[in-house]
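Please look through the sequence and the model shown below, and keep both in view while reading.

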Amino acid sequence: MEQSTIAPQDESALVAAFEARIAAGESIEPKDWMPERYRKQLVRMMSQHAHSEVVGMLPEGNWITRAPSLRRKMSLIAKVQDEAGHGLYIYCGTETLGVDRQELIEQLVDGRAKYSSIFNYPTLSWADMGVIGWLVDGAAIVNQTILAKTSYGPYARAMVRICKEENFHKRQGYEICATLARGTPAQREMLQDAVNRFWWPALMMFGPSDTDSPNSAELLKWRVKRKTNDELRQRFVNLTVPQAIAIGITLPDPDLAFNEATGNWEFGEIDWTEFFQVIGGEGPCNRERLAARREAHDEGAWVREAAAAHAAKQQRSGTQAA
Ligand SMILES: [Fe+2]
Ligand SMILES: [Fe+2]
């Protein structure tokens, strides 16, 4: 980019040029000048996103050994493994903003970092694997399809690939749901129970209402976000209600009604008290999830030490050769 025409000390001119690039639909790349707030907001968003991918492996990893068939087990393993890949991908993206991955992971394991509230709910039955794929990955797709057009290049490109995999996750989940819906009364009941537990937390995944979202305005201005939380939530509801109807499952909201004029499925009040409780560390599984991450981190220490020792050795022999 052409920064040479702008006096480097003139911050407001730099900001104006930066905002003009964003307004023109250009993407911002790691070596481009960016306001410190933009960098900070992206580090916050991307690291929360990476943490969510990695913590999101836990509720489903819990069911790999109990999958009802080899086919189900293979796709569940593949899905959980994909989520690890998404985490790594986004951590790498975050490093292009000059932060150290180690620091981000420490923030996660010592409880300073946030991750998606949905993963603090327990997975009680096999139907939860279907419902998580259908609703949770479904909500993630709505979010991430828009993020694929975010103004920060490395994040946008990561989302393009991730969305392709998320589609597979959603399909495998919806297929489980459709199979259970056609099954025995006990299977239908198990599915309905899972939907009842995950529907509202899935709606909460889009974050607080626009009127209550402290970061939204700035993120929209810089096109980090392209749609508001409420717009994305509405889009998810509109996409999902017909899918529930198709398999004959009831969504647990008596206020759900189609509005002919707007073309939207209107829905009831979200329990924001519950959302803020879960975000604040008081969800049903917050402690369990963090303990599992901490244990995995500690148990992986020898791998990191070995990799660092190997890199140091390579560097030493490289130096000697030079
Ligand atoms: Fe993912
Ligand atoms: Fe996924």
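Within helix α8 (residues 185-204), D193 and R197 stand 4 residues apart, which means that about one helical turn separates them. Helices here are DSSP runs of H or I with at least four residues, strands are runs of E with at least two, and both are numbered from the N terminus. D193 and R197 form a salt bridge, in which the closest N and O atoms are 3.1 Å apart; the term stands for a side-chain nitrogen of Lys or Arg within 4 Å of a carboxyl oxygen of Asp or Glu. D193 is partly exposed, with a relative accessible area of 37%, and R197 also counts as partly exposed, at 23%. Salt bridges that share partners also join E60, K79, E83 and D137 into one network.

The model is predicted, so local features need pLDDT of at least 70 and side-chain atom pairs count only at pLDDT 80 or more, whereas totals for chains, interfaces and linings use all residues. Residues are numbered from 1 along each chain as its sequence is written, chains are lettered from A and ligands numbered from 1 in the order in which they are written, and side-chain values use heavy atoms, with hydrogens and water left out.

| D193 | R197 | 3.1 Å |

E36 and K40 both belong to helix α2 (residues 36-55), where they are 4 residues apart, or about one turn of the helix. E36 is partly exposed, since its relative accessible area is 41%; in this report buried means under 20% relative accessible area, exposed means over 50%, and partly exposed lies in between (1.4 Å probe, protein chains only). In the pair of E95 and R101, E95 is partly exposed with a relative accessible area of 31%, and R101 counts as partly exposed at 22%.

A disulfide is a covalent bond between the sulfur atoms of two cysteines. The structure holds 0 disulfides, where the term requires a pair of cysteine sulfur atoms within 2.5 Å. C92 is in no disulfide, and the cysteine sulfur nearest to it, that of C163, is 18 Å away. C163 is likewise in no disulfide, its nearest cysteine sulfur being that of C92. Is each of these residues buried or partly exposed? C92 counts as partly exposed because its relative accessibility is 38%, whereas C163 counts as buried because its relative accessibility is 9%.

R223 has a positive phi of about 55 degrees, although R223 is not a glycine, and its relative accessible area of 26% makes it partly exposed.

P201, found in helix α8, is buried, with a relative accessible area of 4%. The C-alpha atoms of P201 and I118 are separated by 5.9 Å, although these residues are 83 residues apart along the chain. E274 lies in helix α11 (residues 272-282) and is partly exposed, with a relative accessible area of 27%. Between the C-alpha atoms of E274 and M204, which are 70 residues apart along the chain, the separation is 9.4 Å. A23 has its place in helix α1 (residues 11-23) and is exposed, with a relative accessible area of 54%. From A23 to E269 there are 246 residues in sequence and 35 Å in space, C-alpha to C-alpha.
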